[in-house]
Every structure is written in structure tokens, then in C-alpha cells.
Amino acid sequence: MARRQRRLFARWYPGVAASLEERGLGEWRRSLLSGLAGRVLEVGCGHGVNFPHYPDAVTELVAVEPEAHLRDLAREQAASSRVAVTVLDGQAEALPVESGSFDAVVSTLVLCSVEDQDRALAEIHRVLRPGGRLWCLEHVASANRPIRWAEHVFDAVFWSHAFGGCHTGRDTGAAIERAGFRLEGLEARRYPDLPFPLAVSPHLIGAARKPGASGPVEDSAGNR
Ligand SMILES: C[S@@+](CC[C@H](N)C(=O)[O-])C[C@H]1O[C@@H](n2cnc3c(N)ncnc32)[C@H](O)[C@@H]1O
């Protein structure tokens with residue numbers, strides 16, 4: 001995906017995101033993040049739209065964003081956030097943080113856009129401590145096989161080019177499992193919930209767990 005297309009997307013995404021927030025997505029974000037605690041990493045934080053939703057129990061938030069314009073906006077948003085936020089330049093495929101150092105990783109509307117989804121999920125797995133969770137809100141491929149095939153064609157000829165590398169046809173749930181996570185309460189929902197099919201409607205929301213020991217922070221984040 002050309003850098004120029006991603007840069008262009010970064011310019012107009014915050015405006016689109018604002019209207020989606022008011023149409024129910026903000027409430028999804030709030031409920032997804034409300035139980036988090038401890039050290040949290042957010043990948044592809046965009047302009048920091050999730051920052052106001054992190055609860056006080058989050059002791060530190062490190063947010064990674066590759067697009068300079070969105071990173072600048074995220075830093076402005078971080079200044080008024082009630083949790084301590086550090087915004088870093090970086091890619092999900094090569095996270096600039098230590099292994100096993102986070103209680104939770106958050107990814108909202110990012111795994112559709114990373115260039116190498118398996119590599120990004122391997123990195124997320126690496127930086128989580130054993131028992132830590134990936135919390136995600138992602139739009140995913142249709143469960144219907146002919147529609148999924150059409151999504152791949154649509155992505156190749158139009159969607160990915162127009163929307164900063166986004167893909168409508170990714171089976172993100174399967175990729176999360178393939179990366180070694182246990183799916184725990186990853187729920188299928190539709191957004192927007194319209195009577196006709198829309199390529200970006202099927203979503204996954206919830207958590208997947210890296211197997212291993214679970215500590216006190218994990219307990220408070222996990223038992224919601
Ligand atoms: C649709 S926006 C979502 C932004 C934000 N997470 C949200 O929920 O509104 C996709 C985001 O993924 C970022 N992104 C794209 N490729 C990425 C990569 N390889 N690693 C990390 N972030 C990436 C984009 O720069 C953009 O901020």
C-alpha cells in the first residue's frame with residue numbers, strides 16, 4: 001500500500017471517526033475498555049479516540065501509531081487524558097517495546113489495515129505477559145463464503161486503495177487463534193446494523209488470552 005494513500009487516509013479519518021462515535025461506536029469502545037487495568041499497549045491508536053475511555057485502573061498507556069499526522073493529534077489528546085499516555089512512532093509488525101511487559105494490548109479497527117496481520121499478532125503475543133489479553137474491536141470478513149470471495153476482489157480493486165490499506169475480507173478471529181491466543185468472549189456483532197449487507201458490518205469485539213499464569217491485574221481486567 002502506497003505511503004501517500006495512507007497519509008491521505010490519516011488526514012480525513014478523524015472526521016469520519018467523529019461521526020461513527022456519535023452513532024454508537026463510542027459506547028462500544030467504552031464498554032470494551034472499561035475493565036482494563038495495569039500497563040496497557042494500544043496499537044494503531046490513530047488520533048487517540050480511545051484515550052478518554054481508559055479507566056483510572058490503567059497505570060500506564062503506551063500507544064503506537066505509524067502516521068505522523070495522527071500521532072500529533074494523539075499527543076494532543078494524550079495531554080488531556082486522565083491516564084498517563086506515551087505516544088510512540090512504530091508499526092504493529094515491529095513493536096518498539098519489551099517482550100512480556102504489558103498486561104493488555106488494545107487494537108481497535110487496526111488489524112484490518114496492518115500490512116502483515118500474522119506478524120502483527122505475533123508481536124502482540126510477544127509483548128503481552130503470560131495470561132495477558134488482547135482486547136479488540138475489529139471489522140472482519142463475512143461468514144458467508146461467496147460474500148467473502150467478493151470482499152477479497154473488492155479489497156484488491158478498490159477498498160484497500162481508498163481506505164488506507166483497510167481490508168474487508170480478513171478472517172481476523174482465525175488469525176488471532178493462529179497466533180496462539182485463546183478466544184475468550186470474542187463476540188460477533190454488526191455495525192452499522194442495517195437491513196442490507198455492508199462490507200464492513202461484521203465485527204468482532206472482546207478479548208483473547210495469551211496462555212499462561214494470571215496475576216491480580218489480570219483478574220480485575222478479566223472478570224467483567
Ligand atoms: C481505521 S484507523 C483506526 C484508528 C483507531 N485505532 C481507532 O479505533 O479509531 C486504522 C489505524 O491503523 C493504523 N495502522 C495502519 N497500519 C498499521 C501498522 N502496520 N501498525 C500499526 N498501526 C497501523 C493507521 O495509521 C490508523 O491509525
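In what order do the seven strands of the open sheet lie? The order is E3-E2-E1-E4-E5-E7-E6, with mixed pairing; strands are DSSP E runs of at least two residues and helices H or I runs of at least four, numbered from the N terminus, and two strands pair if DSSP finds at least two bridges between them. Strands E3 (85-88) and E6 (182-190) form the edges, each pairing on one side only.

The model is predicted: local features need pLDDT of at least 70 and side-chain atom pairs pLDDT 80 or more, whereas totals for chains, interfaces and linings use all residues. Residues are numbered from 1 along each chain as its sequence is written, and side-chain values use heavy atoms, without hydrogens and water. The protein chain has an average pLDDT (the predictor's confidence in each residue, from 0 to 100) of 92, and 94% of the residues score at least 70.

Strands E4 (residues 102-108) and E5 (residues 128-139) are paired in the parallel sense over six bridges. Within E5, Leu-134 is the bridge partner of Val-105. Contacts of Val-105 (heavy atoms within 4.5 Å) beyond four places in sequence include Leu-41, Ile-124, Leu-134 and Trp-135.

Val-105 also belongs to the largest nonpolar core, of 26 residues, where Val-105, Leu-41, Leu-95, Ile-124 and Ile-176 touch the most other members. Such a core is a set of buried Ala, Val, Leu, Ile, Met, Phe, Trp, Tyr and Cys residues joined through side-chain atoms within 4.5 Å, buried being under 20% relative accessible area (1.4 Å probe, protein chains only). Helix H3 supplies its largest share, four residues.

Conventions
Buried means under 20% relative accessible area, exposed over 50%, partly exposed in between (1.4 Å probe, protein chains only).
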